[in-house]
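Trainee: Could you walk me through this structure before I start on it?
Mentor: Gladly; have a look at it first.

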Amino acid sequence: MIDLYTWTTPNGRKVSIMLEELGLDYRVHPVNIGKGEQFQPDFLKISPNNRIPAIVDGDGPGGKPFALFESGAILIYLADKTGRFYPSEPVAHYTTLQWVMWQMGGFGPMLGQAHHFRRAAPEPIPYAIDRYVNEAKRLYGVIDKRLGEAEYLGGADYTIADIITYPWAARHEWHAVDLGEFPNVQRWYDQVGARPAVQRGMAIPKV
């Protein structure tokens, strides 16, 4: 059994989608970040950076409980554990990995900044809004080009690169991006979003 500590954010939903795709048994523990529950001592023992998501795998390496934080690390761990959604052939393996790193280093953080300055900043800062919305559009251009070359981000097959990217793309309206301007992303977005496991994972946690 895997315990998932999560909230209704793109980062949290990466892991719930992965768990649904894998069909693994798991329990959901909502961590309400709006109420500061991520700073509770018990959660910090699992996720010392006070960020969701985090997991505790009761059947971790050596059959012992294993705690893990950071969504990218969790997806790689679950893919390695099950042998799914992360190709072993070297070219496909590292191509997938580079898109996972791209999401973790750019697509998530930059879009998160666009969300903050458009929706949460105490007062509008036009420079910041323009900076991060323009960067969001640039990043969409990067994946639009990639998805014009391959069906999925990692190549011919659906992988953790798609799972980790989709929940952020699902908030395209939050960062003022019209998917109609990126037809290859639109095709991919519709294709991934039609997967039943993705739909279930996007509805977790139920709050």
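Trainee: What should I keep in mind before reading anything off it?
Mentor: This is a predicted model, in which local features need pLDDT of at least 70 and side-chain atom pairs count only at pLDDT 80 or more, while totals for chains, interfaces and linings use all residues. Residues are numbered from 1 along each chain as its sequence is written, and side-chain values use heavy atoms, with hydrogens and water left out.

Trainee: Okay, strands then. Is β1 buried or exposed?
Mentor: Buried: five of the five residues of strand β1 (residues 2-6) are buried, so the strand is largely enclosed by the rest of the structure. Buried here means under 20% relative accessible area, with exposed being over 50% and partly exposed in between, using a 1.4 Å probe and protein chains only. Strands (E, at least two residues) and helices (H or I, at least four) are DSSP runs, numbered from the N terminus.

Trainee: Which residues of β1 are on which side?
Mentor: Ile-2, Leu-4 and Thr-6 are on one side and Asp-3 and Tyr-5 on the other, and both faces are covered. In a regular strand the side chains alternate between the two faces of the sheet.

Trainee: And which strands does β1 pair with?
Mentor: Strand β2 (residues 26-30) runs parallel to β1 and is joined to it by five bridges, with Pro-30 as the bridge partner of Thr-6. From β1 the chain crosses through α1 to β2, and this β-α-β crossover is right-handed, a label that applies if, with the strands pointing away from the viewer, the path from the first strand over the helix to the second runs clockwise. Strand β3 (residues 54-57) pairs with β1 in the antiparallel sense over four bridges, and there Ile-55 is the bridge partner of Leu-4. Two strands count as paired if DSSP finds at least two bridges between them.

Trainee: What else does β3 pair with?
Mentor: β3 also pairs with β4, again in the antiparallel sense and over four bridges, and the bridge partner of Asp-57 in β4 is Phe-66. Both faces of β3 are covered as well, with Ala-54 and Val-56 buried on one side and Ile-55 and Asp-57 buried on the other.

Trainee: Switching to helices: why is α6 described as enclosed?
Mentor: Ten of the ten residues of helix α6 (residues 160-169) are buried, so the helix is largely enclosed by the rest of the structure. Its buried residues pack against α1 (10-22), α3 (71-82), α4 (90-120), α5 (126-149), α7 (183-193) and α8 (196-202), where contact means heavy atoms within 4.5 Å.

Trainee: How many residues are in the largest nonpolar core?
Mentor: The largest nonpolar core has 48 residues, and those with the most contacts inside it are Met-18, Ile-55, Leu-78, Phe-107, Tyr-140, Ile-160 and Trp-188. The largest share of this core, seven residues, comes from α6. A nonpolar core is a set of buried Ala, Val, Leu, Ile, Met, Phe, Trp, Tyr and Cys residues joined through side-chain atoms within 4.5 Å. Apart from this core lies another, of eight residues, among them Tyr-5, Val-31, Phe-43 and Ala-54.

Trainee: How many aromatic pairs are there?
Mentor: A search of the whole structure finds eleven aromatic pairs. Phe-66 and Tyr-77 form a tilted pair, 5.4 Å centre to centre with 45 degrees between the planes. Phe-66 is partly exposed, at a relative accessible area of 29%, whereas Tyr-77 is buried at 13%. The rings of Tyr-152 and Tyr-158 have their centres 5.9 Å apart and their planes at 65 degrees, so that pair is edge-to-face. Rings of Phe, Tyr and Trp (its six-membered ring) pair if their centres lie within 6.5 Å, with planes under 30 degrees apart counted as stacked, over 60 as edge-to-face and the rest as tilted.

Trainee: Which charged end sits over the ring of Tyr-158?
Mentor: That of Arg-195, 3.7 Å from the ring centre, and Arg-119 likewise lies over the face of Trp-174, at 3.6 Å from the ring centre. A charge sits over a ring if NZ of Lys or CZ of Arg is within 6 Å of the ring centre and within 35 degrees of the ring normal.
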